[in-house]
Amino acid sequence: MNQELSVITDEQVEILLGDLLEQYGYDFTGYSKASIKRRILRLYSLDKQVSFAEFRYRINNDTVYFKRFVEQITVNVTEMFRDPGFFKTLRDVVFPNLGTYPFIRIWLAGCSTGEEAYSISIILKELNLLHKSLIYATDLNPVVLEKAAQSMFALSQMKQYSENYILSGGTKDFSSYYTANYSLAKFNDELKSKIIFSTHNLVSDHSFNEFQLILCRNVLIYFDRDLQHKVLNLFDESLEGLGYLALGSKETIDFSPISKNFKRIPAEKIWRKVS
């Protein structure tokens, strides 16, 4: 492993990040260096690259390979109803409060391949709130968004997702939400009808609406402190008074400039904007 780690130096990682910013406008300079280097090395070794120069040339000149590169260094591991206790809190606490609004706007930032978006859609449907909700599911990576928009996931995952769903407070037959199609589960169109998938770069793009709920789970852990604070400010600006902000289990708004505006809901990484 040590030999592999020396294949690409920190300086070469900086060169690649500079290329991405200059050539494509993707700003990864605030990402955790250790994390991004690990992902770059994994791809370098996976694709059996001969030299750094050749690797760099492919990223800069082959658009198909560039897509693969971005996908590999940004993709987040995700599953439906991941951390069921979190989704139970959404079901029991957050959505009943938001249900009093005439319309509910939700921003799911860093939505990856869409499992979380469909999970939220299912809960809203069960609470009879889907008809007056809109979920903006965004990601930096257009490849994962294309996959998310197909609303198809591996059938082999459904047993796990069904268990998560029940633990999160679901009472229906989970299989009623999809049809089996060979090795894939195709989720019902009604669930997708209230989801808008679009690209958004948390690092460089601005707020694009005002929301009652913003979810960004397990994305900030890849950012350095300055970038985390910048993104949290963006969320604060994008959130209505009394709106909710949900982060991943290892993430927090404590010690950030926005923490004074929020009050935490016990047990989960969910905060309510109080000022």
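Figure 1. Lysine 159 and glutamate 163 are separated by about one helical turn, because they stand 4 residues apart in helix α9. In this predicted model, the side chains of the two residues meet in a salt bridge, with a distance of 2.9 Å from N to O. Lysine 159 counts as exposed, at 63% relative accessibility. Glutamate 163, by contrast, is partly exposed, with a relative accessible area of 36%.

Figure 2. The relative accessible area of tyrosine 161 is 3%. Since buried means under 20%, tyrosine 161 is classed as buried. Which residues does tyrosine 161 touch, not counting residues up to four places away in sequence? They are Thr78, Glu79, Met80, Phe81, Glu115 and Phe174. Isoleucine 73 lies 88 residues from tyrosine 161 along the chain, and the C-alpha atoms of the two are separated by 25 Å.

**Figure 3. The boundary between the two domains.** The protein is divided into domain 1, residues 10–73, and domain 2, residues 84–273. Taken over C-alpha atoms, the centres of domain 1 and domain 2 are separated by 28 Å. At the boundary, 13 residues of domain 1 are in contact with 13 residues of domain 2. The area buried between the domains is about 1,100 Å², and carbon and sulfur atoms give 58% of that area.

Figure 4. How many salt bridges are counted between domain 1 and domain 2? The count is 1 salt bridge. Lysine 67 and glutamate 146 also form a salt bridge through their side chains, at 3.8 Å from N to O. Between domain 1 and domain 2 there are 3 residue pairs in polar contact, with both residues at pLDDT 80 or more. On the side of domain 1 that touches domain 2, the elements giving two or more residues are α3 (33–46) and α5 (63–74). The largest share of that side, 3 residues, comes from α5. By class, the side of domain 1 that touches domain 2 has 4 nonpolar, 5 polar and 4 charged residues.

**Figure 5. Two salt bridges linking separate parts of the chain.** By the rule applied here, the model has a count of 13 salt bridges. In one of them, the side chains of aspartate 10 and lysine 37 meet at 2.8 Å, N to O. Aspartate 10 belongs to helix α2 (residues 10–24) and lysine 37 to helix α3, so this pair ties together parts that are 27 residues apart in sequence. Aspartate 10 is exposed, with a relative accessible area of 51%, whereas lysine 37 counts as buried at 19% relative accessibility.

A further salt bridge joins aspartate 47 to arginine 68, with the closest N and O atoms 2.9 Å apart. Aspartate 47 lies in the loop between α3 and α4, and arginine 68 in helix α5, so the pair ties together parts that are 21 residues apart in sequence. Aspartate 47 is partly exposed, with a relative accessible area of 22%. Arginine 68 is partly exposed as well, with a value of 28%.

**Figure 6. Two loop residues with positive phi.** Lysine 48 is a residue other than glycine with a positive phi, near 50 degrees. Lysine 48 is located in the loop between α3 and α4 (52–61). For serine 151, also a residue other than glycine, phi is again positive and near 50 degrees. Serine 151 is located in the loop between α8 (142–149) and β3 (152–154). Is lysine 48 buried or exposed? Lysine 48 is exposed, with a relative accessible area of 69%. Serine 151 is instead buried, with a relative accessible area of 0%.

**Figure 7. Arginine 105 in strand β1.** Arginine 105 has its place in strand β1, residues 104–109. Its relative accessibility is 18%, and arginine 105 therefore counts as buried, the cut-off for this class being under 20%. Not counting residues up to four places away in sequence, arginine 105 touches Leu134, Tyr136, Asn209, Glu210, Phe211, Gln212, Leu213 and Glu240. Valine 231 lies 126 residues from arginine 105 along the chain, and 19 Å separate their C-alpha atoms.

Note on methods
Residues numbered from 1 in each chain as written. Predicted model: local features only at pLDDT ≥ 70, side-chain atom pairs only at ≥ 80, totals over all residues. Heavy atoms only, no water. Buried < 20%, exposed > 50% of the residue type's maximum accessible area, 1.4 Å probe, protein only. Contact = heavy atoms within 4.5 Å. Domains from an automatic or database assignment. Buried area = accessible area lost by both parts, 1.4 Å probe. Salt bridge = Lys/Arg side-chain N within 4 Å of Asp/Glu carboxyl O. Polar contact = N/O pair within 3.5 Å; in protein donor to acceptor, adjacent residues only side chain to side chain. Nonpolar A, V, L, I, M, F, W, Y, C, P; charged D, E, K, R; others polar.
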